[in-house]
Structure formats: C-alpha cells, structure tokens
Amino acid sequence: MKLNDYQLDAMEFAKYRNNDYPFLALSEEVGEVSGKLAKYVRKNECSLSTAIYDVNNGSCNNSKALRADLKKELGDVLWQLQACCAELGFSLEEVAELNLDKLSGRSERGTIVGEGDER
C-alpha cells in the first residue's frame with residue numbers, strides 16, 4: 001500500500017470536531033506504545049533493549065502478546081500522524097520524502113549523529 005492511499009482511506013474514519021485533536025492524540029498514542037514497553041520492562045525486570053529483543057524473538061511468554069499490542073498501537077500512531085499531516089495539507093508521502101531527503105543530506109555531510117535540526 002502506498003502512503004497516500006493509506007491516508008485517503010484512513011481519513012474516512014476521522015470523527016473529530018476540532019482540527020487540534022490529532023495533534024494532541026498523537027502524543028497519547030506514542031505514550032501508549034511507550035507505556036506497553038515500560039510495563040514489560042518493569043514486569044520482566046529487564047532493559048528496553050532486552051524487551052525489544054524479546055519482542056522480535058519471542059523470548060518470553062508474554063512477548064508475543066506485546067508484539068501484537070505494539071503493532072496495533074503503532075497503527076494508531078500512524079493514523080494520528082496522517083491526520084496531523086492532513087490537517088496541515090501535507091500528504092504522508094510528501095512528509096516521508098522530505099524526511100528521507102533531510103537524512104540523505106545529513107549522511108552526505110557526516111552529520112547523521114548529532115544535535116540540532118540544521119546540521
């Protein structure tokens with residue numbers, strides 16, 4: 001599926017009244033992803049790196065459930081992101097292409113790792 005096709009289809013499910021909603025809800029959805037990982041880390045007394053390893057390799061009993069939950073939550077993040085883009089008149093593909101161009105330029109300049117937007 002192409003990102004713009006997703007965006008067009010996804011906006012059919014937009015049921016909010018104020019255009020500020022997706023911007024606020026994006027943070028909430030990202031928080032849900034982080035929260036699920038944090039609970040896994042706490043319950044399994046492990047690091048985030050270990051949790052991600054477990055999710056990718058099915059290393060613990062509940063890591064398969066976490067993997068499924070994370071996939072759903074990341075879908076919610078994607079939905080909110082596309083709604084933010086739509087509210088600003090951007091297509092997801094436009095934003096994705098701009099991001100890759102920015103990263104490519106940083107790579108060419110040897111500034112992929114560093115701080116600040118303009119590097």
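1. A residue counts as buried when its relative accessible area is under 20%, and as exposed when that area is over 50%. In this predicted model, alanine 25 has a relative accessibility of 2%, and it therefore counts as buried. Alanine 25 belongs to helix H2. Its C-alpha atom lies 32 Å from that of serine 59, a residue 34 positions away along the chain.

2. The overall architecture should be stated next. The chain contains five helices and zero strands, and its elements follow the order α-α-α-α-α from the N terminus. The C-alpha trace spans about 45 × 45 × 25 Å along its principal axes. The radius of gyration is 17 Å, whereas a compact globule of 119 residues would have a value near 14 Å.

3. Surface and burial may be considered together. Of the 119 residues in the chain, 24% count as buried. The accessible surface amounts to about 8,500 Å², and carbon and sulfur atoms account for 53% of this area. Among contacts in the chain with a separation of 6 or more, 62% are between residues 24 or more positions apart.

4. Helix H2 covers residues 21–44.

5. Which residues of H2 are buried? They are Pro22, Ala25, Glu29, Val33, Leu37 and Tyr40. An α-helix has 3.6 residues a turn, so residues three or four places apart point the same way. The buried residues of H2 pack against helix H3 (48–57) and against H4.

6. Serine 27 and glutamine 80 are 53 residues apart in sequence, yet their C-alpha atoms are 8.9 Å apart in space.

7. Glutamine 80 is part of helix H4. Is glutamine 80 buried or exposed? Its relative accessible area is 6%, so glutamine 80 is buried. With neighbours within four places in sequence left aside, glutamine 80 is in contact with Tyr21, Pro22, Ala25, Leu26 and Glu29. Among these partners, Pro22, Ala25 and Glu29 are listed with the buried residues of H2.

8. The end of H2 also deserves attention. What follows H2? The helix is followed by glutamate 45, which is found in the loop between H2 and H3. The phi angle of glutamate 45 is near 45°, a positive value in a residue other than glycine. Glutamate 45 has a relative accessible area of 75% and is therefore exposed.

9. The last point concerns a surface feature. Phe23, Leu88, Phe90 and Val95 make a nonpolar surface patch of about 330 Å². One of these residues, leucine 88, lies in helix H4, which covers residues 63–88. Leucine 88 has a relative accessible area of 51%, so it counts as exposed.

Key
Residues are numbered from 1 along each chain as its sequence is written. This is a predicted model: local features need pLDDT of at least 70, side-chain atom pairs count only at pLDDT 80 or more; totals for chains, interfaces and linings use all residues. Side-chain values use heavy atoms; hydrogens and water are left out. Patches are made of residues with over 30% relative accessible area and no salt bridge: like charges are joined within 9 Å, nonpolar side chains (Val, Leu, Ile, Met, Phe, Trp, Tyr) within 5 Å. Accessible areas come from the Shrake-Rupley method with a 1.4 Å probe; for residues, only the protein chains shown count as cover. A salt bridge is a side-chain nitrogen of Lys or Arg within 4 Å of a carboxyl oxygen of Asp or Glu. Helices (H or I, at least four residues) and strands (E, at least two) are DSSP runs, numbered from the N terminus. Buried means under 20% relative accessible area, exposed over 50%, partly exposed in between (1.4 Å probe, protein chains only). The radius of gyration is taken over C-alpha atoms; the globule rule is 2.2 Å times the number of residues to the power 0.38. Contact means heavy atoms within 4.5 Å. The expected span of a helix is 1.5 Å times one less than its number of residues.
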